[in-house]
2 protein chains.
Amino acid sequence: MIIKLDMASEVPIYVQLRNAVVIGIGKGELVPGEGLPTVRQMAEDLGVNTMTVNKAYGILKNEGFIEIDRRHGARVNPQKDKFGVFREKAEDELLLLISEATVRGVEKSEFMALCEKVYAGMCMPDAKLV
Amino acid sequence: MIIKLDMASEVPIYVQLRNAVVIGIGKGELVPGEGLPTVRQMAEDLGVNTMTVNKAYGILKNEGFIEIDRRHGARVNPQKDKFGVFREKAEDELLLLISEATVRGVEKSEFMALCEKVYAGMCMPDAKLV
DNA sequence: TATTTGTATTATTTATTATAATACAAATAT
DNA sequence: ATATTTGTATTATAATAAATAATACAAATA
């Protein structure tokens with residue numbers, strides 16, 4: 001899995017890394033049980049500090065995307081949204097995004113089509129083979 | 001228009017304020033040409049510093065949501081997404097949000113229904129009268 | 001036993017956020 | 001004309017966040 005960081009971005013590196021992993025799992029490029037590179041390896045690959053990677057891994061662990069132990073390192077372990085925590089967060093984010101879309105003149109149909117387009121690019125069963 | 005700030009939030013105050021205005025315009029609670037409270041008034045209402053409000057207003061101006069002059073203060077002036085800048089940003093955000101939705105076990109149909117729900121709560125032509 | 005793992009610690013640097021106290025030019029209202 | 005209000009700029013300060021650096025340690029592995 002290839003992760004690209006934008007060092008000029010306002011988004012903190014550890015957030016960019018966290019997001020990349022979430023997207024990777026969502027797309028199926030990272031499958032449950034699969035191991036992530038070690039903290040040190042990932043830090044070396046990305047050219048960032050060990051603690052920056054460790055922070056991202058810690059967040060992914062707390063959010064229930066991966067599990068970590070000293071034997072196997074970090075492994076993909078996605079947990080479902082049991083109590084609707086995500087649904088609530090998603091609704092808040094969608095309110096902001098859809099508000100801006102409306103202001104920008106993007107019709108509802110076009111916004112929904114944008115969602116469809118993103119979903120179309122999600123299903124990549126052979127992504128790892130590419 | 002009532003704006004609520006969460007002082008305990010990790011989201012900076014000026015970002016919360018910026019978002020609230022964008023949502024207000026999107027919902028139609030703030031109509032084009034309508035004046036926003038002055039920087040000082042808004043700061044007093046919210047109990048924050050003048051410069052914090054000024055920063056939010058400056059961003060809203062740069063993003064093309066309001067216009068500002070010394071005569072009329074800040075007025076709502078939403079600009080359309082002419083060059084697809086918003087569409088690109090929206091697609092990036094949707095990729096992350098939909099990825100997380102997928103991981104959390106939220107089906108596509110449910111996600112689209114969530115969008116529909118948000119849209120249903122958007123159209124409030126008489127919002128200002130309530 | 002030596003190595004690798006995640007993790008913790010401490011320190012330092014830089015950037016961001018927020019507040020505070022003024023000040024100024026432009027425009028308005030009295 | 002004068003006083004007020006407007007957005008804006010300036011400078012300073014404090015608190016927090018982000019990133020790096022250099023180690024260190026216990027647990028697990030090879």
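**The surface near DNA strand D**

In this predicted model, the surface near DNA strand D draws at least two residues from each of the following elements: helix H1 (13–27) and helix H3 (50–62) of chain A, and helix H2 (39–46), helix H3 (50–62) and strand S2 (73–76) of chain B.

- DNA strand D is surrounded by 21 residues, of which A:Ile13, A:Thr52, A:Arg71, B:Thr38 and B:Arg70 are the closest.
- Of the atoms of DNA strand D that come within 4 Å of the protein, 61% belong to sugar and phosphate.
- By residue class, this surface comprises nine nonpolar, five polar and seven charged residues.

- In chain B, a backbone N or O atom of B:Val39 lies 3.2 Å from a phosphate oxygen of DNA strand D.

**Helix H4 of chain A against helix H5 of chain B**

- The axes of helix H4 (residues 85–103) of chain A and helix H5 (residues 108–120) of chain B come within 9 Å and cross at roughly 55 degrees, which means that H4(A) is oblique to H5(B).
- The crossing of H4(A) with H5(B) is right-handed.
- Residues making the contact include A:Leu94, A:Leu95 and A:Ile98 of H4(A), and B:Phe111, B:Leu114 and B:Val118 of H5(B).
- The residues of this contact divide into nine nonpolar, one polar and four charged.

Terms used. Residues numbered from 1 in each chain as written. Chains lettered and ligands numbered in written order. Predicted model: local features only at pLDDT ≥ 70, side-chain atom pairs only at ≥ 80, totals over all residues. Heavy atoms only, no water. Near = heavy atom within 4 Å. Polar contact = N/O pair within 3.5 Å; in protein donor to acceptor, adjacent residues only side chain to side chain. Helix = DSSP H or I, 4+ residues; strand = E, 2+ residues; numbered from the N terminus. Nonpolar A, V, L, I, M, F, W, Y, C, P; charged D, E, K, R; others polar. Axes fitted to C-alpha atoms, helices over the stretch in contact; angles between N-to-C directions. Parallel < 35°, antiparallel > 145°, perpendicular 65-115°, else oblique. Left-handed = near helix turned anticlockwise from the far one by under 90°. Contact = heavy atoms within 4.5 Å.
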